[in-house]
Amino acid sequence: MNNITLLGMPGAGKSTIGVLLAKALGYDFLDTDLLIQNQENMLLRDIIAQRGLKEFKKIEEEVNASVKVDRTVIAPGGSVIYGEKAMEHLSDISKVIYLELSYEELTKRLGDLTQRGVVFENGQTLEDLYAERVPLYEKYADLSVKTDGLDIGEVLGKVLQNL
């Protein structure tokens, strides 16, 4: 097992840290949201708007469950944890690291969530989403790294230290 998967809420730094971590380790970097967009030939937010959340989650699970890579840092979307098949696969092929972010820090970092293609159920708030996802991130993580109050370099350092 020589891959690393980064889990966390949108804005936790999965893609940013992922690219830097890949460079530091001499690994490739894979953002599975980009795979989904390429496969479907549309932006995440458009998939959600046009096909609905249920279909988006199905596509997301299929794409993440079929990732075949070696020496790669994988950054899936924050909603990947809803797909049991995808998470079992990612756990089998990689060390899973949860980039932990407090709710307070999360609200500071995030801009317009609809522009990010964040997976919300109707009537769900960011706080609801956070409360729903955190136990799932913790369930699947091999290790967690607290990122509150740290800059990118410090988070990268903590991740490398924990590997």
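Buried means under 20% relative accessible area, exposed means over 50%, and partly exposed lies in between, with a 1.4 Å probe and protein chains only.

This is a predicted model, in which local features need pLDDT of at least 70, side-chain atom pairs count only at pLDDT 80 or more, and totals for chains, interfaces and linings use all residues. Residues are numbered from 1 along each chain as its sequence is written, and side-chain values use heavy atoms, with hydrogens and water left out.

**The chain**

The chain has nine helices and five strands. Along the sequence they follow the pattern β-α-β-α-α-α-β-α-β-α-α-α-β-α. Helices (H or I, at least four residues) and strands (E, at least two) are DSSP runs, numbered from the N terminus.

The chain's radius of gyration is 15 Å, close to the 15 Å that the globule rule gives for 163 residues, so the chain is as compact as a globular protein of that length. The radius is taken over C-alpha atoms, and the globule rule is 2.2 Å times the number of residues to the power 0.38. The C-alpha trace spans about 40 × 35 × 25 Å along its principal axes. Of the 163 residues, 50% are buried. Among contacts with a separation of 6 or more, 73% come from residues 24 or more positions apart. Contact means heavy atoms within 4.5 Å.

**The sheet**

Five strands form an open sheet in the order β2-β3-β1-β4-β5, with parallel pairing. Its edge strands are β2 (28-31) and β5 (143-146), each pairing on one side only. From one strand to the next, the twist averages 25°. Two strands pair if DSSP finds at least two bridges between them.

| Strand pair | Sense | Bridges |
|---|---|---|
| β2 and β3 | parallel | four bridges |
| β1 and β3 | parallel | two bridges |
| β1 and β4 | parallel | four bridges |

Individual bridge partners can be named. Thr 5 has Ile 74 as its bridge partner in β3. In β4, the bridge partner of Thr 5 is Val 96. Leu 30 stands opposite Ile 74 in β3. Helix α8 (residues 126-140) packs on the sheet, touching β1 (4-7) and β4 (95-100), and its direction makes about 145° with that of β4. Axes are lines fitted to C-alpha atoms, for helices over the stretch in contact, and angles run from 0 to 180 degrees between N-to-C directions.

**Helices α3 and α4**

The axes of α3 (residues 44-51) and α4 (residues 53-65) come within 7 Å and cross at roughly 130°. That makes α3 oblique to α4. Angles under 35 degrees count as roughly parallel, over 145 as roughly antiparallel, 65 to 115 as roughly perpendicular, and the rest as oblique.

From α3, Leu 44, Ile 47, Ile 48 and Arg 51 meet Leu 53, Glu 55, Phe 56 and Ile 59 of α4. The residues of this contact divide into six nonpolar, no polar and two charged. Ala, Val, Leu, Ile, Met, Phe, Trp, Tyr, Cys and Pro count as nonpolar, Asp, Glu, Lys and Arg as charged, and the others, Gly among them, as polar.

**Leu 160**

Leu 160 sits in helix α9 (residues 152-162). Leu 160 is partly exposed, with a relative accessible area of 33%. Not counting residues up to four places away in sequence, Leu 160 touches Leu 21, Ala 24 and Leu 25. Leu 160 and Leu 21 are 139 residues apart along the chain, and their C-alpha atoms are separated by 7.6 Å.
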